[in-house]
Amino acid sequence: MKTLISGFSPNNIFSGFIVAVVALPLCIAFAIASGANPMAGIVSGVVGGLIAAVFGSSRFQVSGPAAAFITILYGLMAQHGLPVLLASTFLAGLVVIAIGLLRLGKAMELMPHSVIVGFTTGIGVLILLGQIPAGLGIEAKGHDIIEKLAFTATHLREGNLWELVVMIATVTAAVTWGKTRMARWLPAPLIALLAGTMLSLALASTGHPVRTIGALYEISVDNVGISADFLATLTTHLDKILPAAFTLGILIAVESLLSSKALDAMTNTRHNPDRELFGLGLANLVVPFVGGLPTSGVIVRGSTNVMSGGTEKTAAIVHAVFLAAFVALLYGFISMLPMASLAAVLLLTARRLIEVHEIRTIARIDRREGMLTALTVLLTVTIDLTVSVPVGIALMLILALRGMLADHRLDVRDLHGHPVLTVNNGISFLTSSALKNEIHAHLEDGKIRTLNLCNVSYLDATGALMLAELIDQHPHVRVWVAERGSFDRLHRAGVAEQRIALVGNRIVNLPEVFHRIQAAGA
């Protein structure tokens, strides 16, 4: 507590303010893109961001709604409504907490890079396509992006090209201002939204109005309250909630831990991934009761915090306080924000998510992984994340297993005139069948009398039984092992103790050991 209080220094307060300015339009834009009221995104940033900061581990992470969830949340909202979305968020919180309590935080960081790039790029493409109707001033209807684009194509005459002008002007202002030195003190999203709002007011005064947040949604803290009504859907829509909750939980864990890891690299610090997940899980357990969207650590907010001088968790806490203050005091200005300007914010987010250069890099490194990344993008865009991510991971596991099985596993070395067969990889149910044939082929002529297992990193029951059968078939062969565990496994599998030599550790003087065994009558 003392550390928390001392963290309210001027630099952390300033950083919290800057992050709140950056987060406000993102919270609103992500909520609208998800089909929810803007207040749902703001509540997620305030309540979820506060809880995650207090109970999490990272000193620099700032949490709130994330672009990665938009496609899943929009589907839930369009097909089943807000209560199902809130119930999915609640169960996702339990999933994240379970991952943390089971100490699987490190394992979540093992997500293949190609799959991460694939689904984030796919999400970026979906967000980009989703702004086409908004840029044309059309209220597109549909359960997915294909239906919305089809609706837009058939209702082009109902569009308003002035919305496109506002969106382009907002993007231009953000990109131009972002290249100036002043962007550190006045974030580009703030300047871009001001420019878009001023342009929309000017257009309205000349008889060319554009849609604003206030015209479509009610922005008021009076709409925020505590309710547990959504829990009833756990009995009526559980078959829809469970897969969405599991997918959301995995995404929250992966995105947050990747963000925290990147922030560690930026600040030369270390966070506790399991504690970080506990804080995020707790945040997602609470936010549904106040109508909030799922909460996740987001690199955009975290990196802004670092670059603005934040050094402690208090910056994230202050960010939540300022975010709440903005809504309470500036709801009139927020209501004036053009929908086209929020679409511009989402376009800029999509640009960051679409990693064409990274896909090309992956393809140059390994053509098969490049194709897998492209497939993950395609599945994310045409189906959804519940299909693309599992398929991507499964295919990566197949590629990894094929690579492991194709590795050079055996080595024959001549030590003082005596050939020794060395196994260089783990022996498991995955490799034992192929290894059995290779080892048998080397031992068959009787010239090799020593099987060196000192480099075997893993030996399961299938592998031990396979070795026991081979050693029984070749009575002239003796075995070297480096660890007592391997000695015991082989002995329990049926290998006589006198045929196994425990040589200590993997870094051994093989000629010396060989002579010692020979001298002992081996």
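**Labels and what they rest on**

Analyst: The protein has 24 helices and seven strands, where helices (H or I, at least four residues) and strands (E, at least two) are DSSP runs numbered from the N terminus. This is a predicted model, in which local features need pLDDT of at least 70 and side-chain atom pairs count only at pLDDT 80 or more, while totals for chains, interfaces and linings use all residues. Residues are numbered from 1 along each chain as its sequence is written, and side-chain values use heavy atoms, with hydrogens and water left out. The C-alpha trace spans about 100 × 60 × 50 Å along its principal axes.

User: What makes β5 and β6 a pair of strands?
Analyst: Two strands pair if DSSP finds at least two bridges between them, and three bridges join β5 (residues 450-452) to β6 (residues 478-481), which run parallel. In β6, Trp480 is the bridge partner of Asn452. The chain passes from β5 to β6 through helix α22 (residues 461-473), and this β-α-β crossover is right-handed; the term applies if, with the strands pointing away from the viewer, the path from the first strand over the helix to the second runs clockwise.

User: What joins β6 to β7, and which helix belongs to that β-α-β unit?
Analyst: Three bridges join β6 to β7 (residues 500-502), and the two strands run parallel, with Val481 standing opposite Leu502 in β7. Helix α23 (residues 484-493) makes a right-handed β-α-β unit with β6 and β7.

User: Why is the pair of Phe17 and Phe326 called edge-to-face?
Analyst: A pair of aromatic rings is described by the distance of the centres and the angle of the planes. Rings of Phe, Tyr and Trp (its six-membered ring) pair if their centres lie within 6.5 Å, and planes under 30 degrees apart count as stacked, over 60 as edge-to-face and the rest as tilted. The ring centres of Phe17 and Phe326 are 6.0 Å apart and the planes stand at 80°, so this pair is edge-to-face. Phe17 lies in helix α2 and Phe326 in helix α16 (residues 314-336), so the pair ties together parts that are 309 residues apart in sequence. Ring pairs link Phe17, Phe322 and Phe326 into a cluster, and a search of the whole structure finds seven aromatic pairs.

User: What kind of pair do Phe230 and Phe289 make?
Analyst: The ring centres of Phe230 and Phe289 lie 5.1 Å apart with the planes at 65°, so that pair is edge-to-face as well. Phe230 is in the loop between α11 (213-216) and α12 (233-236), and Phe289 is in the loop between α14 (273-286) and β2 (296-297), 59 residues apart. Phe230 is buried, with a relative accessible area of 3%, while Phe289, at 22%, counts as partly exposed.

User: Why does Val389 count as buried?
Analyst: Val389, which is found in helix α20, has 11% relative accessibility and so counts as buried. The C-alpha atoms of Val389 and Gly118 are separated by 8.6 Å, although these residues are 271 apart along the chain. Of the 522 residues of the protein, 52% count as buried.

Methods. Buried < 20%, exposed > 50% of the residue type's maximum accessible area, 1.4 Å probe, protein only.
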